[in-house]
Amino acid sequence: MSSRPPRFPVSRTRRPSGPVHGLARVLSKRGICSRSQGEKFVREGRVRVDGRLVRDPEFPIAGHERIELDDATTEAASLVYIAMNKPRGIVVSASDERGRDTVYSLIDGAGLPWLGPVGRLDKASEGLLLMSNDTVWAAGITDPVTHVSKTYHVQVVGHPDEATLAAMLEGVTDEGALLRAQAVEVLRRGERTAWLDVTLDEGRNRHIRRLLAALGFEVQRLVRVSIGDLTLGELAKGQWRHLSADEVAQLRRR
């Protein structure tokens with residue numbers, strides 16, 4: 001009984017010495033582009049492997065191959081880590097089909113390599129956003145298993161009482177998902193609104209907004225002020241800075 005030949009035979013002269021990854025993923029791991037952008041580049045016929053045009057984003061790469069994007073050899077980009085104070089109304093996306101401003105407009109012309117957002121902040125939210133081309137580091141921060149806590153200052157209409165705060169800690173079920181806070185306290189109360197300090201150890205889509213809405217409170221502003229031990233500090237809206245080696249390491253150890 002004959003066996004089917006492998007789809008992509010491994011060279012007899014150079015066998016892989018380590019893990020094999022798809023071409024688009026390798027472009028992303030090298031900090032050249034996001035994985036989705038890599039898939040697009042490959043399908044558009046812009047990528048060659050050892051001189052051969054490849055249009056399959058999952059083409060296996062063992063690590064020794066010469067990869068060219070637009071006829072330029074791709075080398076691993078220097079790893080860059082930045083913190084940004086994302087303004088309200090800015091979309092966390094490389095491009096927006098509706099033509100809205102994105103976070104990339106804030107770093108345009110800075111001479112940085114491709115950077116991907118580490119986690120998300122929705123359009124109406126603001127505050128601390130990390131960006132990097134170190135996809136392994138980024139995955140360690142966003143992976144729910146690592147439980148890197150994130151703290152937000154949230155302005156709500158009305159005055160949540162102790163029962164509401166307890167309910168936020170206990171959690172509510174919304175669309176089949178359990179939404180709860182790791183910690184919550186009242187920062188200050190105004191005439192019509194109150195500011196809460198809310199910490200999450202996980203982050204579902206619109207987590208805090210959905211949690212508070214289920215308890216009868218409308219969110220007016222939501223500002224992320226820390227990720228792990230890294231704080232927003234005095235970074236102005238729309239500005240960004242490089243992380244120090246110690247800051248990168250602190251988040252990596254989590």
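## R209 and D122

R209 has a relative accessibility of 12% and is therefore counted as buried. Here buried means under 20% relative accessible area, exposed means over 50%, and partly exposed lies in between, with a 1.4 Å probe and protein chains only. D122, at 23% relative accessible area, is partly exposed. The side chains of R209 and D122 meet in a salt bridge, with 3.4 Å from N to O. The bridge links distant parts of the chain: R209 is in helix α5, D122 is in the loop between β8 (116-118) and β9, and the two are 87 residues apart. A salt bridge is a side-chain nitrogen of Lys or Arg within 4 Å of a carboxyl oxygen of Asp or Glu.

## Basis of the model

This is a predicted model, in which local features need pLDDT of at least 70 and side-chain atom pairs count only at pLDDT 80 or more, while totals for chains, interfaces and linings use all residues. Residues are numbered from 1 along each chain as its sequence is written, and side-chain values use heavy atoms, with hydrogens and water left out.

## The chain overall

The protein chain has 6 helices and 17 strands. These are DSSP runs numbered from the N terminus: helices are H or I with at least four residues, and strands are E with at least two. Of the 254 residues, 44% count as buried. The C-alpha trace spans about 75 × 50 × 40 Å along its principal axes.

The accessible surface comes to about 14,200 Å², and 46% of it belongs to carbon and sulfur atoms. Areas come from the Shrake-Rupley method with a 1.4 Å probe; for residues, only the protein chains shown count as cover. Among contacts between residues at least 6 apart in sequence, 64% join residues at least 24 apart. A contact means heavy atoms within 4.5 Å.

## Helix α5

Of the 8 residues of α5, 6 are buried, so the helix is largely enclosed by the rest of the structure. The buried residues in α5 are H207, I208, R209, R210, L211 and L212. They pack against β10, α4, β11 (172-174), β12, β14 and β15. Just after α5, G216 takes a positive phi of about 90°.

## Nonpolar cores

The largest nonpolar core holds 33 residues, and M131, V154, V198 and L212 touch the most other members. Two or more residues each come from β7, β9 (126-132), β10 (150-157), α4 (162-170), β12 (177-179), β14 (193-200), α5 (207-214) and β15 (219-227). The largest share, 4 residues, is given by β14. A nonpolar core is a set of buried Ala, Val, Leu, Ile, Met, Phe, Trp, Tyr and Cys residues joined through side-chain atoms within 4.5 Å.

Leaving aside neighbours within four places in sequence, L212 is in contact with V154, V156, M168, L196, F217 and V219. A second, separate core of 18 residues includes L130, V225, L232 and L235. In soluble globular proteins, nonpolar side chains tend to be buried together.

## Strand β10

In β10, 6 of the 8 residues are buried, so this strand too is largely enclosed by the rest of the structure. Strands β10 and β14 run antiparallel and are joined by 8 bridges. With β15, β10 pairs in the antiparallel sense over 7 bridges. Two strands pair if DSSP finds at least two bridges between them. K150 stands opposite L200 in β14 and opposite I227 in β15.

## Aromatic pair

A search of the whole structure finds 1 aromatic pair. Y81 and W137 form this pair, which is edge-to-face, at 4.8 Å centre to centre with 75° between the planes. Y81 lies in strand β7 (residues 81-86) and W137 in helix α3 (residues 135-142), 56 residues apart, so that distant parts of the chain are linked. Both Y81 and W137 are buried. Rings of Phe, Tyr and Trp (its six-membered ring) pair if their centres lie within 6.5 Å; planes under 30 degrees apart count as stacked, over 60 as edge-to-face and the rest as tilted.

## Other salt bridges

The count comes to 11 salt bridges. R252 forms one with D134, the closest N and O atoms being 3.2 Å apart. This pair also links distant parts of the chain: R252 is in helix α6 (residues 245-252), D134 is in the loop between β9 and α3, and they are 118 residues apart. R252 is partly exposed at 46% relative accessibility, whereas D134 is buried at 8%.

R241 and E247 meet in a salt bridge of 3.0 Å, N to O. R241 is partly exposed at 28% relative accessible area, and E247 is buried at 19%. K40, E44, R46 and D70 are linked in a network of salt bridges.
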